[in-house]
Amino acid sequence: MNPSTVNPSTVNPSTVNPSTELSPLPLAEGAVERARALSLGHRLSTETGHGVLTRVEQAAARAPEQPAVVDGDTALTYRDLLARVVRIAAALEAAGCRSGEVVAAVGDRCADSVAVFLALERLGAVYLPVDPDWPTGRVADVLRRGGAGRLLHYGPDRSRGSEPVRAATEAGLPTLTAPPADPPADPAAAPDGTPPTAAERDRSLETRYCIFTSGTTGRPKGAAVEHRGMMNHLWAKVRDLSLTATDRLAFTAPLVFDISIWQMLAPLLVGGTVVVVRQDELSFPRRLVRFLERSAVTVVEAVPTVVGWFAGEAERRSTPVLPGLRWLISTGEELHPDLAGRMLDAAPHARLLNAYGPTECSDDVTHHEVTRADLGLGRLPVGAPIANAALYLLVRTEDGARWRAAEPGEAGELFVGGLVVGRGYVNDPDNSRAAFHPDVLDPDSPTGRLYRTGDLARFERGSVHYLGRVDRQVKVAGTRMELDEIEVVLGRHPAVDQCAVTVLDVDGRPELAAYVTLRRPVDTDELRAALADALPRAMVPQRLVRLDAMPLTRNGKIDHRALRDTTPPGRESRPGDGRATPTADTPGKGSTMPSQTTADTSAIDDLPPHFRLLLELARPRLSARRTAEVRRLASLPDLSWGDLLEAAARHKVLPLIGRHVDRYRLDRKQGDTAGFPYPWVFVSAYLGNRVRNQALSDEFGRVFDELRAAGLRFAVRKGFSLGEGEYHDPALRRIADLDVLLARADAPAAHEVLTRLGYVQGSLADDGERIEPYSRETQLFWRMNLSNQLPYRRAAGRPDVTDFNVDICHDIFQKKSGVSADAAELLDRVVPTVLCGTRAWVPAPDDRLLDLCSHLHKEATSLHFVEDKQDLQLSKFLDLSLVAAAFDDAQWERFLGRVREYGAESIVYYALHFTTLLYPRSVPARVLDAVRPADTGYLEEYGTLDGQTARWEEGFFQRLFDSGRHRAGTVSNVPLR
């Protein structure tokens with residue numbers, strides 16, 4: 001049943017005004033008839049009255065043991081899912097939830113996400129997803145404007161979503177926790193053990209869900225979608241993808257994005273399986289590919305960035321990826337022909353769908369299967385409209401007062417009508433009137449509403465060609481242009497991997513800036529020439545900036561706002577100058593080359609070739625320029641590969657270099673440059689470190705869970721916070737142990753937790769199989785001189801890991817440094833994150849950088865580390881440079897304030913000064929000037945913390961690579977057993 005008009009009496013008062021209150025669309029004479037004649041769309045009888053739950057009930061009766069939802073080790077059959085839905089619905093109903101009520105649901109993506117949605121559908125309630133990580137202010141605003149009647153908290157980790165729960169409580173809303181899974185018996189079940197079916201009624205006009213989208217003003221807008229629009233879209237996916245009971249669809253989308261709805265529901269219409277992909281699986285390309293392959297997923301939806309991951313993994317393997325895949329759907333932003341071609345090569349067995357649609361219109365409104373015949377086009381079509389969607393192109397008249405129909409081949413603004421159009425924005429009449437209009441183009445429209453997308457498009461042979469956002473149409477130097485058009489031309493160049501174009505405000509005038517990531521080295525002039533060959537001169541960007549990686553929004557789209565912040569206005573920008581994801585290769589926001597280091601760095605030229613090569617390789621990513629320099633150095637006849645291996649291992653960057661050899665194909669000859677010999681030695685270091693760090697991750701994730709369960713606040717220092725953060729791949733960094741910041745008062749409780757897990761405060765015995773407790777001498781020394789607990793160890797009994805080591809620290813500074821920053825204070829500023837596959841916290845950015853400075857200073861000047869040849873390690877300087885390079889001006893000011901607060905200027909200057917010698921653009925000169933002491937003679941001293949000050953006999957670069965640098969008569973008094 002598809003009602004042809006909206007009955008105002010059925011509209012939930014917490015949603016939107018009926019269409020009769022929307023502002024009319026001013027049309028030019030003859031526009032209605034012409035727009036209808038040129039419109040795209042077709043009608044198809046579609047069942048929209050019944051709910052998804054009806055199909056789940058039918059599947060549960062037909063094939064009760066068929067898996068409905070797979071979530072890690074949990075697999076819900078259709079019978080299990082139905083029972084879970086009934087149980088949650090019963091709890092909601094008992095709490096007073098009724099049809100038409102808006103229920104805010106907060107929890108991580110999991111099996112219960114599906115059950116919660118279906119429970120609300122069963123009751124006729126409105127689903128309003130809330131992100132567990134949203135700040136309290138945003139949650140309060142969404143709850144208020146969404147008209148939420150209560151908040152439902154669900155998921156296996158109930159600590160997630162505490163902020164939304166608090167916001168709801170403060171707003172006076174009742175909160176409810178979903179009942180636990182797997183009850184011993186379902187009291188709501190019928191006598192034969194089968195849960196009762198939902199009452200049959202026509203649900204077409206019910207408001208089914210409300211998604212808050214980001215608004216151009218920075219305030220989110222809540223788009224309300226009707227049940228009939230949702231069901232029409234779900235059936236369109238089933239038809240166009242030919243979904244069956246054998247399909248396994250990946251549930252990857254954040255719950256606050258509209259694509260999550262079809263991902264978790266469409267398979268259930270045909271008896272298929274929803275495969276939940278947890279966030280930790282989505283963090284790294286290879287991890288995601290492995291998970292999808294292991295889970296035998298047949299349908300995946302992804303933004304183009306992730307599509308690029310899949311293509312890149314296939315190119316790395318030289319074999320197809322995702323062998324079980326039937327369909328890959330690209331959505332969210334434009335899919336370019338070059339990437340589509342790479343994906344068709346990467347998975348020739350799978351079909352590629354380009355989809356487009358706004359949240360306000362029940363998700364996708366067009367589908368297009370991309371074939372090789374499309375790859376020669378400048379832009380890929382987004383396709384023909386799905387059933388029961390009507391598409392129109394309108395253009396403003398010359399006076400700007402009215403709209404006319406776009407003529408064939410002419411670009412216009414896309415309007416959507418038909419069954420798919422949602423109700424509008426909840427409790428937001430102004431924005432609703434600006435985007436939704438009465439549908440005067442179709443007197444038989446089932447909704448009576450027409451939605452203005454704000455997107456430019458062109459119709460060609462029955463298909464929609466997306467041309468970009470209207471708000472990306474700009475005027476520069478008197479020329480009106482589409483930024484998307486420039487991106488399309490730039491993206492065609494074979495060397496360009498990703499690109500984006502923005503407009504900067506430079507001294508009050510607009511200036512085009514293009515940002516690129518590259519697949520191979522290319523000269524800037526070559527890119528400019530390619531742009532000039534296809535575009536008017538005014539559309540060729542004045543600035544070309546090479547990035548190591550594009551900044552992304554949370555849902556994987558390119559973050560144009562972050563790009564605009566990358567290159568400071570008024571500053572000449574050359575390729576490689578700016579970045580959105582800072583690395584040690586290039587400066588952070590507003591940073592400049594520290595002038596005082598220029599003369600010192602000349603000492604690098606006096607180093608042997610293997611040390612110069614090591615310095616080039618010691619960074620997480622290589623730019624095209626650095627890759628060329630690496631190849632040049634590797635071809636020098638006097639290079640000692642044995643010395644390079646020894647130095648790389650001592651400086652703990654061998655896994656990083658192994659990844660470079662693999663990623664940049666450094667083992668292959670290129671032109672006159674030779675490749676790296678024995679590539680398996682380097683690559684094996686990376687692969688072995690990945691296995692080892694995964695074992696550490698599994699173990700430390702268990703430690704995090706137990707510390708949290710004990711109610712302890714903690715923050716993770718260094719290690720995995722850097723590996724999964726700045727390095728974006730833990731296998732690139734050699735991780736020795738787990739460093740945890742903990743309040744001193746919580747030490748006894750933490751000791752109890754670690755003891756229960758099998759940890760002992762001691763050192764590894766000579767047999768490598770036992771942990772021997774520390775001597776009384778060591779225990780006494782530790783308590784008197786150090787600010788952390790004696791290390792905890794547990795024998796691992798593994799060939800790749802001898803023991804697991806946990807260090808608990810109560811202060812980021814050493815006692816004898818004269819500086820103190822107590823953990824209890826730092827823990828008040830921690831930042832939540834996910835590490836080792838579970839919830840954890842890291843110090844605030846300024847505290848984190850201060851911690852790294854203190855740690856580097858301690859190891860570089862303490863006799864214990866000097867004697868053990870671990871005092872100067874490139875990996876420590878690289879860690880610090882990566883964190884520092886990400887700081888903007890405001891963060892540097894906060895950091896300097898923190899340094900002054902603790903009186904840590906000399907410690908910080910020591911660490912930052914030597915870091916800038918190795919990574920010159922990581923720290924602004926003004927920051928170094930702000931912390932530089934009057935007397936810098938201490939930079940050449942060590943042993944001061946031990947009370948045995950000695951002076952170095954060599955310059956920094958010489959001692960950095962001299963393994964026998966400690967020649968003084970001082971001896972560390974730190975006991976080792």
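Biologist: Is Glu825 buried, partly exposed or exposed?

Modeller: Buried means under 20% relative accessible area, exposed over 50%, and partly exposed in between, with a 1.4 Å probe and protein chains only. Glu825 has a relative accessible area of 29% and is partly exposed. This is a predicted model, in which local features need pLDDT of at least 70, side-chain atom pairs count only at pLDDT 80 or more, and totals for chains, interfaces and linings use all residues. Residues are numbered from 1 along each chain as its sequence is written, and side-chain values use heavy atoms, with hydrogens and water left out.

Biologist: With which residue does Glu825 form a salt bridge?

Modeller: Side chains of opposite charge can pair when their charged atoms come close. A salt bridge is a side-chain nitrogen of Lys or Arg within 4 Å of a carboxyl oxygen of Asp or Glu. Glu825 pairs with Arg829, their closest N and O atoms being 3.5 Å apart. Arg829 is partly exposed at 21%.

Biologist: How many salt bridges does a search of the whole structure find?

Modeller: The search finds 67. Among them is the bridge between Asp929 and Arg932, at 2.8 Å from N to O. Asp929 is partly exposed at 44% relative accessibility, and Arg932 is partly exposed at 31%.

Biologist: Which salt bridge involves Glu941?

Modeller: Glu941 meets Arg951 at 3.7 Å, N to O. Glu941 lies in strand β37 (residues 941-942) and Arg951 in strand β38 (residues 950-951), ten residues apart. Strands here are DSSP runs of E, at least two residues, numbered from the N terminus.

Biologist: Which residues do salt bridges with shared partners join into one network?

Modeller: The network consists of Arg286, Glu293, Glu313, Arg317, Arg659, Asp662 and Arg665.

Conventions:
Helices (H or I, at least four residues) and strands (E, at least two) are DSSP runs, numbered from the N terminus.
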